[in-house]
2 protein chains.
Amino acid sequence: MKRIADSTVRRLSVYLRFLEGSSQRGLTTVSSAELARHGGTTSAQVRKDLSFFGSFGKRGLGYSVPELTNSIRDILGLGREWNVVIVGAGKIGTALAQYDGFRPRGFHVVAVYDTDSGKVGTRWDGIVVRDFSQVARDLASQPIDIAVLAVPAEGAQDAVRRLVDAGVKAILNFAPVQLKVPPDVAVRSVNMAMELEGLSYELSSRAR
Amino acid sequence: MKRIADSTVRRLSVYLRFLEGSSQRGLTTVSSAELARHGGTTSAQVRKDLSFFGSFGKRGLGYSVPELTNSIRDILGLGREWNVVIVGAGKIGTALAQYDGFRPRGFHVVAVYDTDSGKVGTRWDGIVVRDFSQVARDLASQPIDIAVLAVPAEGAQDAVRRLVDAGVKAILNFAPVQLKVPPDVAVRSVNMAMELEGLSYELSSRAR
DNA sequence: TGGGGCTTGTGAAAGTATTCACAAAGTAGG
DNA sequence: CCTACTTTGTGAATACTTTCACAAGCCCCA
Ligand SMILES: NC(=O)c1ccc[n+]([C@@H]2O[C@H](COP(=O)([O-])OP(=O)(O)OC[C@H]3O[C@@H](n4cnc5c(N)ncnc54)[C@H](O)[C@@H]3O)[C@@H](O)[C@H]2O)c1
Ligand SMILES: NC(=O)c1ccc[n+]([C@@H]2O[C@H](COP(=O)([O-])OP(=O)(O)OC[C@H]3O[C@@H](n4cnc5c(N)ncnc54)[C@H](O)[C@@H]3O)[C@@H](O)[C@H]2O)c1
């Protein structure tokens with residue numbers, strides 16, 4: 001099977017979110033043009049994206065909202081719960097642990113880790129902060145799907161090494177560094193400084 | 001002048017970060033191959049990226065670290081301070097306002113806004129939380145370059161409308177919605193749920 | 001001062017992604 | 001059942017990005 005472009009997968013997320021909203025507003029069908037308008041793309045793009053995975057619509061009518069919702073959830077692997085740990089109980093780690101937008105989408109934060117003994121043992125919303133040195137032991141008994149990395153840049157690569165050694169296969173990285181991982185580990189990075197710099201570039205290049 | 005790809009601008013940020021580290025470690029020159037290794041790309045890509053903006057290296061030798069650092073800073077528009085406001089003093093807005101990684105790169109958080117009267121008037125690190133309804137008045141006296149949007153998804157589009165009306169030309173959006181803005185306003189979105197779904201997709205498609 | 005070794009800068013080629021455009025398949029209404 | 005209309009699914013065309021490959025330029029040392 002052909003490799004699917006990252007941009008396609010991201011758009012599927014966007015379509016899914018719109019479909020969930022449509023369902024709540026009682027819509028039963030939706031056209032590629034409507035999906036496009038809300039996703040900031042074109043109807044041809046929507047149809048092409050979906051066509052990589054199959055044929056989900058009815059010609060002349062559009063897509064059934066519940067059916068397409070289920071199909072995209074399946075494609076994205078959202079038909080199950082994913083166990084997530086947050087590494088780094090600092091400012092951003094705390095915000096993420098307390099965020100209630102992940103659970104409804106199937107991402108379940110099962111633990112928060114830190115190296116600071118002053119933080120280990122505290123708890124928020126029923127999630128205890130555990131000692132990061134125990135992560136390998138913990139993962140042996142409770143399987144983890146995704147680790148969210150929210151530690152300072154200096155410690156990030158070392159923390160990744162330990163997570164990978166413990167068997168983690170997917171990492172969402174907030175530290176502003178380029179992580180090195182084996183090819184069987186998936187990484188996505190959120191780099192806010194980079195986004196701000198992108199805006200800075202746009203503002204500057206427009207002025208020119 | 002030809003439009004520069006987004007991916008190129010992002011890589012420039014990555015190169016810049018590595019150059020800053022190199023400078024601290026006392027290096028005076030660096031080759032495209034070294035930049036590539038740390039940026040997770042290829043040396044040809046590095047040279048091509050830079051070639052869009054000029055010719056910065058010395059053949060046979062590489063790039064002067066301080067000169068290339070300055071050149072990239074210039075390209076990205078980082079030769080000045082940018083005034084930033086954060087809209088939404090919730091979990092993520094608080095983390096961002098207290099984050100100390102933005103100031104050294106020239107992004108200066110000058111205000112935080114919220115609509116919740118219980119939060120308005122409180123202050124962290126010398127930044128007072130102001131009433132969002134006053135944003136237009138405030139911006140008239142103090143110019144703002146970038147607004148960081150950290151409000152719930154439902155309120156995001158309306159907040160954007162008000163910011164755009166007040167003259168804001170760049171927005172970094174954390175709400176999981178596709179914002180609609182006029183063409184002269186730059187938007188970047190950080191959508192964490194989408195990143196997690198991307199990881200979910202990768203994990204699932206590998207298993208298949 | 002000239003040659004060997006290295007690295008840049010860049011057209012051209014290859015590879016990806018998006019857009020076009022239209023046949024095919026469906027709906028709706030008489 | 002037939003006609004007019006809508007919207008999908010998809011090859012082909014276009015646009016964009018990355019990789020290749022090599023001449024040109026510069027350093028260093030003999
Ligand atoms: N706060 C933000 O808004 C923000 C924005 C952009 C990027 N980031 C990035 O996110 C990361 C975290 O930022 P923050 O502001 O939350 O920092 P922070 O200093 O508030 O928190 C970092 C936490 O990580 C813990 N830690 C350190 N090393 C660790 C390790 N090896 N294992 C486990 N825990 C460890 C520390 O004890 C601390 O509690 C940084 O890389 C930062 O650059 C943060
Ligand atoms: N917290 C996270 O880790 C996280 C992760 C991903 C995405 N997000 C997104 O970031 C946004 C904020 O999330 P949060 O967890 O900080 O929420 P929150 O509820 O903690 O904070 C939202 C804040 O925005 C304020 N607000 C509401 N409407 C406003 C308006 N029109 N103008 C100004 N302020 C307004 C509220 O009073 C509140 O203080 C949401 O869209 C959320 O989906 C948050």
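In the predicted model, the surface near DNA strand D receives at least two residues from each of helix H3 (43-51), strand E2 (57-58) and strand E3 (62-64) of chain A, and likewise from helix H1 (6-24) and helix H3 (43-51) of chain B. The largest share of this surface comes from H3(B), which provides four residues. By residue class, the surface near DNA strand D comprises five nonpolar, 11 polar and nine charged residues.

A total of 25 residues lie around DNA strand D, and those that come nearest are Ser32(A), Arg47(A), Ser55(A), Gly60(A) and Arg59(B). Of the atoms of DNA strand D that come within 4 Å of the protein, 61% belong to sugar and phosphate. The side chain of Tyr63(A) places an N or O atom 2.9 Å from a phosphate oxygen of DNA strand D. A base nitrogen of DNA strand D, in turn, is found 3.1 Å from a backbone N or O atom of Gly60(B).

The two protein chains also contact one another directly, with 59 residues of chain A in contact with 59 residues of chain B. The area buried between chain A and chain B is about 5400 Å², of which 65% is on carbon and sulfur atoms. Within chain A, the residues that lose the most area to chain B are Leu196(A), Glu197(A) and Tyr201(A), which together make up 13% of what that side buries.

Six salt bridges are counted between chain A and chain B. One of them pairs Arg188(A) with Glu195(B), with the closest N and O atoms 3.4 Å apart. On the side of chain A that touches chain B, two or more residues are given by each of helix H1 (6-24), helix H2 (32-39), helix H4 (65-76), helix H5 (91-98), strand E9 (170-173), strand E10 (186-189) and helix H8 (192-207) of chain A. The greatest contribution to this side is that of H8(A), with 14 residues. The side of chain A that touches chain B contains 32 nonpolar, 11 polar and 16 charged residues.

Ligand 1 is located between chains A and B. Around ligand 1 there are 22 residues, of which Ile92(A), Asp114(A), Lys119(A), Val151(A) and Tyr99(B) come nearest. An N or O atom in the side chain of Asp114(A) is 2.5 Å from an oxygen atom of ligand 1. Backbone groups contribute as well: a polar backbone atom of Val151(A) lies 2.6 Å from an oxygen atom of ligand 1, and a polar backbone atom of Ala153(A) lies 3.5 Å from an oxygen atom of this ligand. Ligand 1 exposes 820 Å² when taken alone, and 86% of that area is buried by the protein. The elements giving two or more residues to the shell around ligand 1 are H5 of chain A and helix H5 (91-98) of chain B. This shell consists of 15 nonpolar, three polar and four charged residues.

Ligand 2 likewise lies between chains A and B. It is surrounded by 22 residues, the closest being Tyr99(A), Ile92(B), Asp114(B), Lys119(B) and Val151(B). Polar contacts to ligand 2 include several made by the backbone of chain B. An oxygen atom of ligand 2 is 2.6 Å from a backbone N or O atom of Val151(B), while a polar backbone atom of Ala153(B) is 3.5 Å from an oxygen atom of the ligand. A nitrogen atom of ligand 2 is 3.5 Å from a polar backbone atom of Thr115(B). Taken alone, ligand 2 exposes 830 Å², and the protein buries 85% of that area. At least two residues of the shell around ligand 2 are supplied by H5 of chain A, and at least two by H5 of chain B. The residues of this shell divide into 15 nonpolar, three polar and four charged.

Notes. Residues are numbered from 1 along each chain as its sequence is written. Chains are lettered from A and ligands numbered from 1 in the order in which they are written. This is a predicted model: local features need pLDDT of at least 70, side-chain atom pairs count only at pLDDT 80 or more; totals for chains, interfaces and linings use all residues. Side-chain values use heavy atoms; hydrogens and water are left out. Contact means heavy atoms within 4.5 Å. Buried area is the accessible area (1.4 Å probe) that two parts lose on being put together, summed over both. A salt bridge is a side-chain nitrogen of Lys or Arg within 4 Å of a carboxyl oxygen of Asp or Glu. Ala, Val, Leu, Ile, Met, Phe, Trp, Tyr, Cys and Pro count as nonpolar, Asp, Glu, Lys and Arg as charged, and the others, Gly among them, as polar. A residue is near a molecule or strand if one of its heavy atoms lies within 4 Å of it. A polar contact is a pair of N or O atoms within 3.5 Å; within protein, one must be able to donate a hydrogen and the other to accept it, and residues adjacent in sequence count only if both atoms are side-chain atoms. Accessible areas come from the Shrake-Rupley method with a 1.4 Å probe; for residues, only the protein chains shown count as cover.
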